[in-house]
Amino acid sequence: MIYREAGQFKTSYARDGGLYPIRQDRYGLIVLLLVAVFAVPMMSEYWLVTIFLPFLVMAVAALGLNILTGYAGQLSLGTGGFMACGAYAAYKLATAFPDLNIVLVFLGAGLVSALVGILFGIPSLRIKGFYLAVATLAAQFFILWLLNKVPWFVNYSPSGVISAPPRAIFGDIYVTGATATPEAKYLFALAVAALLALAAKNLTRCAIGRSWMAIRDMDIAAEIIGIKPMATKLGAFAISSFYCGIAGAMWAFIYTSSVEANAFEISRSFQVLFMVIIGGLGSILGSFLGAAFIVLLPILLKNAPEMVGLSIPVDVIAHIEFMIFGALIIFFLIVEPHGLARLWQIGKEKLRLWPFPY
Amino acid sequence: MSQAEASPAGPAPGEVLLKVDNISLSFGGVRALTNISFDVMKGEIRAIIGPNGAGKSSMLNVINGFYHPQEGTITYKGETRRKMKPHQAARTGIARTFQNIALFKGMSALENIMTGRNTVMAHNPFTAAVYLGPAKRSEIHHREVCERIIDFLEIEAIRKTPVGRLPYGLQKRVELGRALAAEPEMLLLDEPMAGMNLEEKEDMCRFILDVNEEFGTTMVLIEHDMGVVMDISDRVVVLDYGRKLADGPPDQVRNDPDVIDAYLGVAHD
């Protein structure tokens with residue numbers, strides 16, 4: 001198939017403002033979604049549970065951080081804290097209101113995280129850049145400390161571990177808890193991630209997204225043309241934390257089913273930040289590519305020697321894995337500092353001219 | 001006020017849109033502005049000139065609320081204000097362009113101009129997330145307005161180009177478009193023609209005069225090219241070392257001995 005937009009005319013601003021103005025892109029996305037919905041659930045439980053679930057969960061977290069850092073330009077290291085906030089809020093909501101629909105539980109968890117995000121976003125009104133990143137560390141450490149210290153958050157469980165109660169959608173299809181099938185969990189996570197990605201794409205192409213980018217690119221000029229810095233920055237923090245909160249709830253309820261606060265410590269924040277940087281700052285697609293890179297590559301590296309028939313001791317593999325992983329991160333950042341999404345875009349532009357570049 | 005009076009849709013002459021009264025501004029020990037007073041009539045093109053460091057840009061920053069003067073008052077549309085944030089000033093109809101281009105580098109020309117309409121667009125995250133419906137209608141409506149500005153400024157071909165890739169003259173034009181998108185009553189232009197070649201300067205002059213004539217927009221402009229200033233402005237304020245030297249129509253200012261001294265130096269004889 002030739003990737004070319006020649007002959008595809010846009011005759012209205014509605015068409016021109018469409019999500020995928022190029023027909024080939026539209027078809028590509030439809031095929032991808034069909035594969036994700038129908039073909040992937042046929043795969044083994046190992047693939048679904050250890051590869052696709054963490055990928056989808058982390059992609060949602062990366063979307064959240066990308067809204068804040070990639071679009072609104074506010075550097076944050078509090079992602080893990082906001083994820084923990086969402087996970088525990090979902091747990092408290094689900095146990096306090098056993099009849100509440102799981103979708104509403106997730107939404108509620110997102111809203112609680114959004115409020116917490118606004119609170120910890122207040123320093124952004126005064127400071128920016130690395131200083132803001134350090135200030136958001138407060139969210140990371142304070143939230144985890146609070147969740148570990150106050151037994152009310154874990155319903156006085158002595159181990160400090162929360163276990164996701166089983167919850168169903170559409171009557172009897174369990175999507176969380178121990179009884180849920182991997183297929184149901186995967187499809188539910190896929191639906192949440194796809195809807196949130198669509199919403200993020202829509203947000204970033206509207207007035208609100210443009211005001212985020214204006215604050216990111218030149219905050220003084222943005223204010224002088226009428227953008228309210230406070231509302232815009234806090235709005236970005238709220239929506240970003242909403243996404244991170246839902247990612248945390250997905251982690252606790254869909255991916256692991258039982259979790260303690262330490263699952264969301266500072267290394268989780270860095271992990272999400274690397275996903276956003278490697279995937280591409282200011283790109284929805286980049287959030288998914290970055291999540292795929294960070295989540296899938298270690299698994300691939302771990303299994304690669306076995307696949308090609310080499311038998312290497314497990315501890316050696318672990319070391320090699322780290323070395324190759326680090327080298328690949330450096331390689332990609334040197335080749336394309338704007339991330340995998342930019343590489344993809346360059347590839348598409350090359351393809352548009354192929355085979356007659358001028 | 002030849003331009004303003006020539007157009008049928010022109011404003012009523014003699015109506016004061018902006019009045020600055022005894023403005024004094026200092027940064028620590030440095031006095032940037034001292035007792036500056038002047039007024040801007042509705043619909044006129046008002047130039048502020050002066051040597052480097054005279055306080056011209058500071059004056060614009062005071063007008064749109066970026067600097068807060070220690071003394072003096074600003075009366076805009078009959079309302080006297082003391083302290084105002086820049087985004088509030090923007091909402092009262094004051095737009096500006098910058099001496100060093102201040103476009104949003106990560107966005108296309110069209111997106112930059114659309115961002116200029118933020119004061120009249122809704123920022124509802126819920127409708128924006130769904131997109132279909134109110135957000136889409138609003139996007140299309142404002143896109144139409146922006147496309148008229150793009151037509152007017154003759155930048156159709158570059159509307160989807162990231163502004164970082166554009167040459168300097170076009171960036172200045174996109175910046176003017178972004179300011180116009182807010183449909184301002186008063187437009188502050190900080191050296192709109194700096195660094196341009198003759199052709200680009202002529203284009204920019206034409207756009208300034210056209211905007212003034214078609215939309216009746218009041219202009220306050222800072223410019224170093226005396227030929228341009230004398231040709232297009234209705235009245236000129238001259239600043240030097242933060243003080244007002246002269247104020248009046250171009251011909252009067254041109255022959256003012258103080259102004260000649262400030263620009264050419266005083267003869268010591």
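In which helix of chain B is the place of B:D261? B:D261 belongs to helix α11 (residues 257-264) of chain B; helices (H or I, at least four residues) and strands (E, at least two) are DSSP runs, numbered from the N terminus. The model is predicted, so that local features need pLDDT of at least 70 and side-chain atom pairs count only at pLDDT 80 or more, while totals for chains, interfaces and linings use all residues. Residues are numbered from 1 along each chain as its sequence is written, and chains are lettered from A and ligands numbered from 1 in the order in which they are written.

B:D261 counts as partly exposed because it has 13 C-beta neighbours inside 10 Å. A residue is buried if 20 or more other C-beta atoms lie within 10 Å of its own, exposed if 12 or fewer, and partly exposed in between, with C-beta atoms placed from the backbone. Between the C-alpha atoms of B:D261 and B:P162, 99 residues apart along the chain, the separation is 45 Å.

Chain B is divided into domain 1 (1-90 + 186-191 + 220-269) and domain 2 (94-183); the bounds come from an automatic or database domain assignment. A distance of 28 Å separates the C-alpha centres of domain 1 of chain B and domain 2 of chain B. Their contact takes 12 residues from domain 1 of chain B and 9 residues from domain 2 of chain B, where two residues are in contact if their C-beta atoms, placed from the backbone, lie within 7 Å. On the side of domain 1 of chain B that touches domain 2 of chain B, two or more residues each come from α2 (56-63), α3 (86-91) and β7 of chain B. β7(B) gives the most to this side, with 5 residues.

In chain B, 6 strands form an open sheet of mixed pairing, in the order β6-β7-β8-β3-β9-β10; two strands pair if DSSP finds at least two bridges between them. β6 (94-97) and β10 (243-248) of chain B stand at the edges with a single partner strand each, so one side of each is left without a neighbour in the sheet. Neighbouring strands of this sheet are turned by 15° against each other on average, direction ignored. Helix α7 (residues 168-181) of chain B packs on the sheet, touching β6 and β7 (186-190) of chain B, and its direction makes about 175° with that of β6(B). Axes are lines fitted to C-alpha atoms, for helices over the stretch in contact, and angles run from 0 to 180 degrees between N-to-C directions.

Within this sheet, strand β3 (residues 45-49) and strand β9 (residues 235-240) of chain B are parallel and share 4 bridges. B:I48 stands opposite B:V237 in β9(B). β9(B) pairs with β10(B) in the antiparallel sense over 5 bridges, and B:L239 is opposite B:K244 in β10(B). The hairpin of β9(B) and β10(B) has 2 residues between the strands, and B:Y241 takes a positive phi near 50° there.

An open sheet of 4 strands in chain B has the order β2-β1-β4-β5 and antiparallel pairing. Its edge strands are β2 (30-41) and β5 (79-81) of chain B, each pairing on one side only. From one strand to the next, the twist averages 20°. Strand β4 (residues 71-76) of chain B runs antiparallel to β5(B), joined by 3 bridges; the bridge partner of B:T75 in β5(B) is B:T80.

The contact between the chains takes 26 residues from chain A and 36 residues from chain B. On the side of chain A that touches chain B, the largest share, 8 residues, comes from α8(A). The residues of that side divide into 15 nonpolar, 6 polar and 5 charged.

The largest nonpolar core has 170 residues; such a core is a set of buried Ala, Val, Leu, Ile, Met, Phe, Trp, Tyr and Cys residues joined through C-beta atoms within 7 Å. α10(A) gives the most to this core, with 16 residues. Domain 1 and domain 2 of chain B both give residues to the core, so it lies between them.

Terms used:
Nonpolar A, V, L, I, M, F, W, Y, C, P; charged D, E, K, R; others polar.
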